[in-house]
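Please keep the sequence and the coordinates at hand while reading.

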Amino acid sequence: MALVTLPGLDGVLPLIASGKVRELFQVDGNSLLFVATDRISAYDVIMKNGVPDKGIMLTLMTAHWFKYLQQQIPDLQTHFISLDVPSAVSADKAAQLRGRSMHVRKLKVFPVEAIVRGYISGSAWASYQKNGTVNGKKMPEGLQESQELPEPIYTPSTKAELGAHDENISTEEAAKVVGDKYAARIEELALKIYKAARDYAREKGIIIADTKFEFGLDEATDQVVLVDEVLTPDSSRFWSVEKYQIGKGQDSFDKQYLRDWLTSNNLKNKEGVSMTDDVVAATRAKYAEAFRILTGKSVEEAVGELK
């Protein structure tokens, strides 16, 4: 059973924001509880039903990456505190939040998506076909779809409100939004994180074609901090190393099966759509496979290791 609505925490932890997948609760003046539901969206529309354990997979994969990345990049700071549910939450509600909640530092979040592309695909490929550029950057001639780029590139976008679309912007435009100093640090960190994750994932059998990060500001120390979920099938394009073929689109470890089903059934961009059981099962299988490959554990094993 997919958990698409969360147990009410009113009177215990105030709800301060609700997104496509996540809900944010105030723990105290300095920290928040990030809770991932099993909701799933495609083409910026949330489906009526969800994918069982999806929120747990996103949360535990993110925690796995935070730990690994901080070992690889010593000066990297994240907002992660723990996977523990705050003691103020009753036992029955805490059980529903187990594995899908992260206690995190409360920070001022920069209003840009920090996207890094190691391969040319999706909107970047469409832009390249049209004018040979990606986010205003001139790219090498003769690239093929899904080809690895000579070096990963940073291609920021705006952060749209719920229901709206993000828009690709140039690095210069991103600097105008957040300021030159922070823009440079965000770009530096995003590229470092991508390269570390890319190398790790490739050894495991997954290509990270592109991914998006979010960063916040610790105003007390003036440090740029990695926040939100990281390197999950919801925030990244994962491909199989074994099945990779240059010159065409690739099968992804994400909600591509759902997108294809919506498109083929003329349901793209329509509200109030319920996924069929086979679409739910196939989508869950993709997420679970990526989780197992990258963490080395099944979802059940990872949850079993929690306190």
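Is Lys192 buried, partly exposed or exposed? Lys192 has a relative accessible area of 34% and is therefore partly exposed, where buried means under 20% relative accessible area, exposed over 50% and partly exposed in between (1.4 Å probe, protein chains only). The model is a predicted one, in which local features need pLDDT of at least 70 and side-chain atom pairs count only at pLDDT 80 or more, while totals for chains, interfaces and linings use all residues. Residues are numbered from 1 along each chain as its sequence is written, and side-chain values use heavy atoms, with hydrogens and water left out.

The charged pairs come next. Side chains of opposite charge can pair when their charged atoms come close. With a salt bridge taken as a side-chain nitrogen of Lys or Arg within 4 Å of a carboxyl oxygen of Asp or Glu, the count comes to 21 salt bridges. One of them joins Asp53 to Arg284, with 2.7 Å between the closest N and O atoms. This pair links distant parts of the chain, 231 residues apart: Asp53 sits in the loop between strand S5 (45-46) and helix H1 (54-72), and Arg284 in helix H7 (residues 277-295). Helices (H or I, at least four residues) and strands (E, at least two) are DSSP runs, numbered from the N terminus. Asp53 is partly exposed at 24%, and Arg284 is partly exposed at 21%.

Lys192 itself forms a salt bridge with Asp75, the closest N and O atoms lying 4.0 Å apart. Here too distant parts of the chain are linked: Asp75 belongs to the loop between H1 and strand S6 (80-82), Lys192 to helix H5 (residues 180-204), and 117 residues separate them. Asp75 is partly exposed because its relative accessibility is 37%. Through shared partners, salt bridges join Asp75, Arg185, Glu188 and Lys192 into one network. Another salt bridge pairs Arg259 with Asp254, at 3.8 Å between the closest N and O atoms; Asp254 counts as buried, at 4% relative accessibility.

Helix H4 (residues 171-178) has Thr171, Ala174, Ala175 and Val178 buried. Seen down the axis of H4, these buried residues fall within an arc of 105°, so they line one face of the helix; the arc is that of the directions from the helix axis to the C-beta atoms. The exposed residues Glu172 and Lys176 are carried on the face turned away from the buried side of H4. The cover over the buried residues of H4 includes strand S9 (112-119), strand S11 (137-138), strand S12 (148-154) and H5. Just after H4, Gly179 takes a positive phi of about 100°.

The interior can be described through nonpolar cores, each a set of buried Ala, Val, Leu, Ile, Met, Phe, Trp, Tyr and Cys residues joined through side-chain atoms within 4.5 Å. The largest has 76 residues, and Trp65, Ile193, Phe213 and Phe215 have the most contacts inside it. H5 gives the largest share of this core, twelve residues. Domain 1 (1-106) and domain 2 (108-255) both contribute residues, so this core lies between them; the domain bounds come from an automatic or database domain assignment. Apart from this core lies another, of ten residues, among them Leu6, Phe25, Val89 and Ala94.

Finally, Ile208 lies in strand S14 (residues 206-218) and counts as buried, at 1% relative accessibility. Beyond neighbours within four places in sequence, the residues in contact with Ile208 (heavy atoms within 4.5 Å) include Tyr119, Tyr194, Leu231 and Phe238.
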